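Subject: structure handover

Hi,

Here is the structure I promised to pass on. Have a look at it first, and then read my notes below.

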Amino acid sequence: MWSAYWTTAPGRGELRTEPAREPGPGEALVRTLRSGISRGTELLVHRGEVPPQVADTMRAPFQAGDLPGPVKYGYLSVGLVEAGPADLVGRRVFCLYPHQDRYVVPASALTPVPDGVPTDRAVLAGTVETAVNAVWDAAPRLGDRVAVVGAGMVGGTVAALLRTFPLDRLQLVDPNPARAELAAALGVTWRHPDDAADGCDVVVHCSATEEGLGRGLELLGDEGELIELSWYGTREPRVPLGAGFHARRLTVRASQVGAVAVARRARRTPADRLALALRLLADPAFDAFLTGRSAFADLPATMTALADDPAALCHLVTYP
């Protein structure tokens, strides 16, 4: 029997067993080494805050059950291929799979982890893939002034990628002083929202708060663009479109990982994008996003604790 984590009701989850099976043609059996929990979408699922009208859109690739639950949900898994195609057996792979100790998937759903990327860090591939898409959408130019508002998993990884660009200014903006430590680990300037510099060419908003969205628009220079990555769940934030929004010709544009950014869609597939994210994780700076670990057997209690921990970024789940 295999074991998997299920969200059974808002704020509650449990481990459930399911029958083991052998892989068929074109499939692979994976033994999980690590999985990851971020404080974004997974905790919205844990709290039962996914709106019914987008429940189908928010399905994870290998989700079982339906939102709001009971549901087996998750998308950050790294494991070892135990059986399947010869070129994959014995290799570490990343898969957008829920928290489960073993599973069988089509081999095409697996992306090999590069040798230079540690197993713990490889769990971040799904989040870095989202950040890659956001950077493609934002398309910063030489000498741009950029602010990333919201220093959680997605905002932090966006800043981690942008720190390698030839920008004039890059700020990671968050009201939590503890995020200054993350910014320092990345070599990026942290600013409290009240102290952030305005006149930005691009703002990438990731705070999932209406206060962050409003402040992000204030930080833009005339004709600047805000890239919205936040997922609000059942909340309906107010967007400040009065005052100087029209006079300053500001733009708010959505970015999400479900489709490759338009700027690269003709030349990159989702598989290309994910493989790129894994190669980027050779950078040890990404270790700053791994803020805790616990055993798979403790996952029901861990998920509840993370829901009340604003300091957490990516929590690692370890498997026997």
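What radius of gyration would a compact globule with 320 residues have, and what does the protein have? The rule puts such a globule near 20 Å, and the protein has 20 Å, so the two agree. Keep in mind that this is a predicted model.

**Overall picture**

The C-alpha trace spans about 60 × 40 × 35 Å along its principal axes. The secondary structure comes to eight helices and 17 strands. Of the 320 residues, 50% count as buried. If you take the contacts between residues at least 6 apart in sequence, 66% of them join residues at least 24 apart. The protein exposes about 14,000 Å², and carbon and sulfur atoms supply 52% of that area.

On charges, there are 32 positive and 37 negative ones, and their mean positions are 3 Å apart.

**Salt bridges**

Side chains of opposite charge can pair when their charged atoms come close. How many salt bridges does a search of the whole structure find? The search gives 19, and I picked out a few for you.

Let me start with Arg 31 and Glu 82, whose side chains meet in a salt bridge at 3.0 Å, N to O. Arg 31 sits in strand E3 (residues 27-38) and Glu 82 in strand E6 (residues 77-83), so this pair ties together parts that are 51 residues apart in sequence.

Next come Arg 59 and Asp 66, with a salt bridge of 2.9 Å, N to O. Arg 59 is partly exposed at 34% relative accessible area, while Asp 66 is exposed at 51%. Returning to Arg 31 and Glu 82, salt bridges with shared partners join them and Arg 102 into one network.

Glu 49 and Arg 47 form another salt bridge, where the closest N and O atoms are 3.5 Å apart. Here Glu 49 is partly exposed, with a relative accessible area of 25%, and Arg 47 is partly exposed as well, at 31%.

**A buried glutamate**

Glu 42 lies in helix H1 (residues 41-47). Is this residue buried or exposed? Glu 42 is buried, as its relative accessible area is 4%. What does Glu 42 touch, leaving aside residues up to four places away in sequence? The list is Gly 36, Ile 37, Tyr 73, Gly 74, Tyr 75, His 99 and Met 303.

**Helix H6**

Helix H6 covers residues 210-219, and its buried residues are Gly 212, Leu 213, Gly 214, Gly 216, Leu 217 and Leu 219. Which strands are part of what covers them? The cover includes E10 (145-149), E11 (169-173), E13 (200-205), E14 (220-228) and E15 (251-254).

**Backbone details to look at**

There are two cis peptide bonds to point out. One runs from Leu 67 to Pro 68, with omega near 10°, and the other from Gly 69 to Pro 70, with omega near 0°. Pro 68 is in the loop between strand E4 (64-65) and strand E5 (71-72), and Pro 70 is found in the loop between E4 and E5 as well.

Then there are two alanines with positive phi. For Ala 139, phi is near 50°. Ala 139 lies in the loop between helix H3 (125-138) and E10, and it counts as partly exposed because its relative accessibility is 40%. For Ala 243, phi is near 45°, again a positive value in a residue other than glycine. Ala 243 is in the loop between E14 and E15, and it is exposed, with a relative accessible area of 90%.

That's what I have for now.

Cheers

Conventions
Residues are numbered from 1 along each chain as its sequence is written. This is a predicted model: local features need pLDDT of at least 70, side-chain atom pairs count only at pLDDT 80 or more; totals for chains, interfaces and linings use all residues. Side-chain values use heavy atoms; hydrogens and water are left out. A salt bridge is a side-chain nitrogen of Lys or Arg within 4 Å of a carboxyl oxygen of Asp or Glu. Helices (H or I, at least four residues) and strands (E, at least two) are DSSP runs, numbered from the N terminus. Buried means under 20% relative accessible area, exposed over 50%, partly exposed in between (1.4 Å probe, protein chains only). The radius of gyration is taken over C-alpha atoms; the globule rule is 2.2 Å times the number of residues to the power 0.38. Contact means heavy atoms within 4.5 Å. Accessible areas come from the Shrake-Rupley method with a 1.4 Å probe; for residues, only the protein chains shown count as cover. Lys and Arg count as positive and Asp and Glu as negative; His and the chain ends are not counted. The place of a charge is taken as NZ of Lys, CZ of Arg, CG of Asp or CD of Glu.
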